Amino acid sequence: DAPDLIIMTAGALEMGPMLRATHKAYIESNPSLMSSVGTADAFDDRHRKLAGHKELAKYEASLSRQLRRVGSATDTDLPFEALGIDALIADEVHMYKNSHSVPRVYGESSPKFLGSGGESNRALDALHKFRYVRDQGGTTVGLTATFFGNSPLEIFNMLALHTDVLDSYGIPDVGTFVARFCVIEPRLITDADGSVEYVPCVIGFRNLDELRSILAQHVIRET
């Protein structure tokens, strides 16, 4: 039989909930979302408490926060996983460019001039749906005239949306990506209110030939 073709808006795609277990598995296996927290695995008999209990609490809090970013199917919903989708093609895919937030650098949550737009719940939802389709042996394709624009972080997010092999390039998470391809050094910055602070800043880029080579493996560019 000929395959069915379903055309839907980005909003309709987002409204199709996934199972909570699927979201949870993808969040826990995503080092960009969970690498900053640890788990407790031993009991400290002297203090009668689970060793690393603070790390465990931090882990659970981080997991809960990420789960709140995405909608999970209820008992009466038809989950995305039941639709049998084996190919997902998204136009204007740059709308999903902010799945991950800026990594911490030198204790700062956001280096100056990295240019991130912040976390997008819709982008994280799409990240999981694209990944699920590929996990089932399917194909995912994104179409856009602006693969990235304002931030090098967008390059990582767009690559993560379309491939599951970033770890094989030695860039398993967004922090590693920024460290590999951005030059970040402390600089004196004058804020809009006239105050001066010494903060990490993106002052340039490096390893661009390597980055271009990675992009060439996953991006078809037409002009």
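**A close look at the salt bridges**

Tutor: Start with glutamate 185 and arginine 187, which form a salt bridge with their closest N and O atoms 3.0 Å apart. A salt bridge here means a side-chain nitrogen of Lys or Arg within 4 Å of a carboxyl oxygen of Asp or Glu. Side chains of opposite charge can pair when their charged atoms come close.

A word on the basis. The model is predicted, so local features need pLDDT of at least 70 and side-chain atom pairs count only at pLDDT 80 or more, while totals for chains, interfaces and linings use all residues. Numbering runs from 1 along each chain as its sequence is written, and side-chain values use heavy atoms, leaving out hydrogens and water.

Now check how open this pair is. Glutamate 185 has 32% relative accessibility and is partly exposed. Arginine 187, at 35%, is partly exposed as well. The cut-offs use a 1.4 Å probe and protein chains only: buried is under 20% relative accessible area, exposed is over 50%, and partly exposed is in between.

By the distance rule, the count comes to 10 salt bridges. Take arginine 69 and glutamate 119 next. Their closest N and O atoms are 3.6 Å apart. Arginine 69 sits in the loop between helix H4 (53-68) and strand S3 (87-91), and glutamate 119 in the loop between S3 and helix H5 (121-135), so this bridge ties together parts 50 residues apart in sequence. Helices (H or I, at least four residues) and strands (E, at least two) are DSSP runs, numbered from the N terminus.

Arginine 69 is buried, at 8% relative accessibility. Glutamate 119 is partly exposed, at 30%. Arg65 joins in too: Arg65, Arg69 and Glu119 are linked in a network of salt bridges.

Move on to aspartate 164 and arginine 134. Their side chains meet in a salt bridge of 2.9 Å, N to O. Aspartate 164 lies in the loop between helix H6 (152-162) and helix H7 (174-181), while arginine 134 belongs to helix H5, so the pair ties together parts 30 residues apart in sequence. Here aspartate 164 is partly exposed, with a relative accessible area of 43%. Arginine 134 is buried, at 15%.

Last, the strands. Strand S5 (residues 182-190) pairs with strand S6 (residues 196-205) in the antiparallel sense, over nine bridges. Strands count as paired if DSSP finds at least two bridges between them. Proline 186 stands opposite proline 200 in S6.
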